[in-house]
Amino acid sequence: MISYKLITRTVITLLGSTAATLNAQTIAITGGKVYPVSGPVIENGTVIITNGKISAVGANVPIPAGAQRIDATGKIVTPGFVNSSTQLGVQEIAQVNDTRDMTARGKDNIAAAFTVWEGLNPNSVMMAPARKEGVTSFVVVPTGGLIAGQAALVDVVPGTTTDMLVRAPVAMVAEVGDPQSAGLNSRGELIVKLREVLEDTRYFQSHRDAFDRAQTRPFAASRLDLQALIPVIEGRLPLLVTVDREADIDAAMRLARDYNVKLMIGSGAEAWMMADKLAAAHIPVLTGAENNIPAGFAALGQRQENAGLLRKAGVEVALIGNAGGGDEEAFNVRNLRQEAGNAVSYGMTWDDALRAVTLAPAEFFGAGDRVGSLQPGREGNVVVWSGDPFEFTTRAEHVFVRGREYHEKTRQDLLIERYRNLPATHNTPPPQ
Amino acid sequence: MRAFLCLLLIGAGACASAPSQTTTSPTPRDTTQADVGRGATSTPNADPFPSTYVPFPSRTTVIRNVNLLTAAGPLIRNGAILLQNGKIAAVGATVDAPADALVIDGAGKYVTPGIVDDHSHLGVYAAPGGNALSDGNEATNPTTPQVWAEHSVWPQDPQFPRNLAGGVTTLQVLPGSANLIGGRSVVLKVVPGRTVQAMKFPGAKYGLKMACGENPKRVYGQRGGPSTRMGNVAGYRAAWIRAVDYRRKWDKWNADHKGDPPTRDLGLETLAEVLRGNMLVHNHCYRADEMAQMIDIAHEFGYKIRSFHHGVEAYKIADLLAKEGIAGSLWADWGSFKMEALDAVKANMALVNAAGARVIVHSDDPSGSQRLNQEAAKAMEAGAEIGLPVSEDQAIKWLTINPAWALGLDDKIGSLEAGKNADVILWTGDPFSVYSKPEKVWVDGALLFDRTDPSQQWRTDFELGFVPFTGTSR
């Protein structure tokens with residue numbers, strides 16, 4: 001029992017005051033239409049960021065002397081967006097194995113102990129394009145197998161992974177869609193396997209001393225995996241289950257009920273079919289609004305109204321990329337705002353869509369006290385948009401993460417500079 | 001949370017290296033645009049699977065009080081369009097409509113030509129997917145000009161009606177990119193058909209799919225080759241050398257009918273048709289340096305590349321594309337998923353456009369194909385950001401007349417002009433807004449999709465019973 005307590009204390013909660021993010025400057029964003037998300041819209045509002053944190057938000061907020069002023073008149077001010085389903089930083093180039101670190105080998109398709117963020121590359125060239133379009137935080141999610149591992153929520157700041165981490169772990173991730181990918185043969189077997197592992201976790205938890213004396217029966221998972229699952233059966237760490245078919249969602253809900261697991265549904269193509277049940281069980285869903293293709297026999301009911309219908313039924317929804325192409329988990333993490341626009345186009349309210357890319361995912365992953373809204377004490381993750389953030393013609397004009405504004409050129413910007421004016425020869429253009 | 005779309009499903013089977021034969025070097029041909037379609041003599045049976053397409057019943061329809069993005073001139077505000085006998089009869093500030101015409105009040109919405117996606121795998125990689133429906137890559141040999149995509153198309157692919165609901169009225173279905181030469185494409189109308197012939201665009205030229213770079217060498221690297229890019233190029237050249245030889249023999253026999261005709265070869269027949277200008281080459285190619293080499297190969301053997309597909313580095317050789325008259329069928333923002341896609345920039349389309357080359361927004365994706373307008377909008381914004389704004393009048397061409405040109409159909413579709421086929425979309429708003437969707441879609445004047453009317457929403461056989469019908473999910 002002693003060692004178990006030590007283990008559960010390894011949850012990291014950094015307070016964002018590391019050297020890379022320390023910023024003594026005070027910033028006053030004035031005149032904009034401010035969407036705090038945690039409260040009603042403020043016309044002609046002011047947002048003050050002090051020492052990297054939001055210090056004031058409101059209509060009649062005094063501007064501290066010496067503050068750097070950003071005139072947001074005619075513009076929209078929102079919290080930085082949170083993309084809650086990415087492999088950003090753990091998959092640079094999908095087809096270059098050397099850059100893929102999102103899938104653990106595990107044992108028998110169980111990798112609960114896998115802490116994906118330990119392989120995160122903060123120097124990924126994907127970070128800047130995401131931030132440039134207003135994504136200031138993301139959840140890095142492990143993939144593959146039956147239990148893929150643990151996810152973390154990070155801010156898009158330069159520095160080390162330690163600097164970036166907001167909270168880790170934020171969820172245990174399991175995939176219950178494809179028996180073959182988990183080395184099994186039927187959907188029911190997936191659930192049996194999960195139950196077995198959770199049973200063993202319970203037993204392991206209460207017989208730890210016997211285990212250490214090698215006096216326990218064999219378990220379905222390794223010691224580290226069982227340890228990692230203890231917070232899941234204690235209801236302290238959510239279990240994010242990637243699952244599409246209605247029947248499979250239902251099975252995951254039964255399992256969650258039996259083991260008091262805090263369940264979240266990811267992908268959830270057919271979640272709309274049982275929206276009322278998900279709402280009654282307070283189970284959040286992470287899904288997108290750009291897929292309507294019956295892309296497999298587990299997703300025949302896939303439709304773009306999914307997110308809107310779920311919200312209408314009272315389900316908490318976070319929007320993620322679900323079009324199924326275009327590298328929306330890495331290079332195009334930035335397209336979260338397009339997802340939100342499509343969600344609105346297919347029935348979600350605009351305010352709900354904004355919440356679904358900011359505070360909703362932050363809350364799902366236990367970081368609502370850090371990111372996702374404009375309130376005093378929250379990280380200074382703020383975006384000033386030239387217009388409706390979901391529209392293509394809109395630009396993220398100012399992006400602050402932990403109170404620092406980022407304007408650095410992306411790798412794409414550098415390529416464009418180089419090739420903007422092509423010389424008459426086929427030589428590489430000279431520096432411009 | 002989903003597997004990245006990978007069109008490279010590796011099939012089983014042995015792999016032969018492309019046989020090579022020496023022949024006299026061909027005379028480089030004039031590769032101007034007029035050249036395409038010039039072909040005189042053809043194969044013994046040029047059209048063995050003829051189109052049986054018949055337009056669906058239509059009624060004379062006038063849409064008034066709409067903004068028309070015509071792809072043939074500036075936006076017409078508050079204008080009108082008349083669809084009659086399957087054709088666009090009139091477009092303008094006002095049009096005269098017969099008394100019995102169905103009048104639709106556009107209420108300030110937008111009308112555009114139907115979208116043309118020149119890079120689709122609908123039908124050949126049909127939903128719901130899996131091995132049973134994986135029919136897009138004949139990955140048994142790196143050179144398979146003998147295969148025809150239409151023989152893989154499943155007309156009941158539920159992705160077809162979704163594409164139509166996204167405003168796509170014409171599709172080029174291509175074989176995949178596993179092979180150096182992947183086979184013939186087919187141009188389809190996005191209409192319900194019992195047979196693929198009933199979907200085939202009458203009179204459309206065939207395309208030839210070729211592929212550069214990583215895919216062929218990855219698929220064949222451990223299966224007899226090619227395993228390198230230089231192996232790829234040797235493979236293309238070996239195939240064209242044989243094709244030149246074959247064409248010469250057949251052209252001679254066609255001219256004099258002396259002796260027995262040469263033995264037919266399905267693959268070489270296709271390649272010879274390309275050399276005669278009767279087919280259009282669609283070349284999957286990412287990198288600038290490889291595109292330049294493919295252009296040289298085309299010059300060497302006297303064929304013309306109609307469009308480079310994907311071309312994430314097209315902006316690096318936009319001048320060359322403009323000079324050669326080759327279009328770029330491009331993505332707005334896909335990139336970085338493999339080494340050869342690393343240098344993707346969102347301004348690619350704007351830069352290629354500014355250089356004077358034809359830009360086409362293509363999909364290679366059943367989901368993206370439904371939102372090509374959104375892809376164009378992203379690319380427009382990327383242009384604006386670097387000081388190369390793209391007007392809606394120009395961007396609509398990327399979706400319509402330019403891909404129509406790539407298919408050799410720009411005289412029939414792709415713009416709102418009198419006499420053209422009445423492939424028309426009525427949008428719920430400005431098509432470049434994230435909030436706009438096609439409300440009604442006409443193909444040859446027939447209303448085949450109406451978002452407001454579930455009875456006007458095509459469902460494939462597969463969907464019956466399997467897919468819950470919601471009537472709004474499009």
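## Backbone exceptions in chain A

Asp327(A) lies in the loop between strand 14 (317-319) and helix 10 (336-345) of chain A; helices (H or I, at least four residues) and strands (E, at least two) are DSSP runs, numbered from the N terminus. Although Asp327(A) is not a glycine, its phi is positive, at about 55°. Asp327(A) counts as buried, with 25 C-beta neighbours inside 10 Å. A residue is buried if 20 or more other C-beta atoms lie within 10 Å of its own, exposed if 12 or fewer, and partly exposed in between, with C-beta atoms placed from the backbone.

This is a predicted model in which local features need pLDDT of at least 70 and side-chain atom pairs count only at pLDDT 80 or more, whereas totals for chains, interfaces and linings use all residues. Residues are numbered from 1 along each chain as its sequence is written, and chains are lettered from A and ligands numbered from 1 in the order in which they are written.

Chain A also holds a cis peptide bond, from Ala168(A) to Pro169(A), with omega near -5°. Pro169(A) belongs to strand 10 (residues 165-175) of chain A. Most residues other than glycine have a negative phi, and most peptide bonds are trans.

## Backbone exceptions in chain B

His310(B) is not a glycine, yet it has a positive phi of about 85°. His310(B) is placed in strand 12 (residues 305-310) of chain B and is buried, with 27 other C-beta atoms within 10 Å.

The peptide bond that joins Ala127(B) and Pro128(B) is cis, with omega about 5°. Pro128(B) is located in the loop between strand 6 (115-120) and helix 1 of chain B.

## Overall form of chain A

Chain A contains 13 helices and 17 strands. Its radius of gyration, taken over C-alpha atoms, is 22 Å, close to the 22 Å that the globule rule (2.2 Å times the number of residues to the power 0.38) gives for 432 residues, so chain A is as compact as a globular protein of that length. The C-alpha trace of chain A spans about 65 × 50 × 45 Å along its principal axes.

Of the 432 residues in chain A, 58% are buried. Among contacts in chain A with a separation of 6 or more, 69% are between residues 24 or more positions apart; two residues are in contact if their C-beta atoms, placed from the backbone, lie within 7 Å.

## Contact between the chains

The contact draws 47 residues from chain B and 47 residues from chain A. On the side of chain B that touches chain A, helix 1 (159-165), helix 6 (318-324) and helix 8 (372-385) of chain B each supply at least two residues. Helix 8 of chain B gives the largest share of that side, five residues.

By class, the side of chain B that touches chain A comprises 23 nonpolar, eleven polar and 13 charged residues. Ala, Val, Leu, Ile, Met, Phe, Trp, Tyr, Cys and Pro count as nonpolar, Asp, Glu, Lys and Arg as charged, and the others, Gly among them, as polar.

## Packing of helix 8 in chain B

Helix 8 of chain B meets helix 9 (residues 392-399) of chain B through Leu372(B), Asn373(B), Ala376(B) and Met380(B), which face Ala395(B), Trp398(B) and Leu399(B). This contact has six nonpolar, one polar and no charged residues.

The axes of the two helices come within 10 Å and cross at roughly 135°; axes are lines fitted to C-alpha atoms, for helices over the stretch in contact, and angles run from 0 to 180 degrees between N-to-C directions. Helix 8 of chain B is therefore oblique to helix 9 of chain B, where angles under 35 degrees count as roughly parallel, over 145 as roughly antiparallel, 65 to 115 as roughly perpendicular and the rest as oblique.
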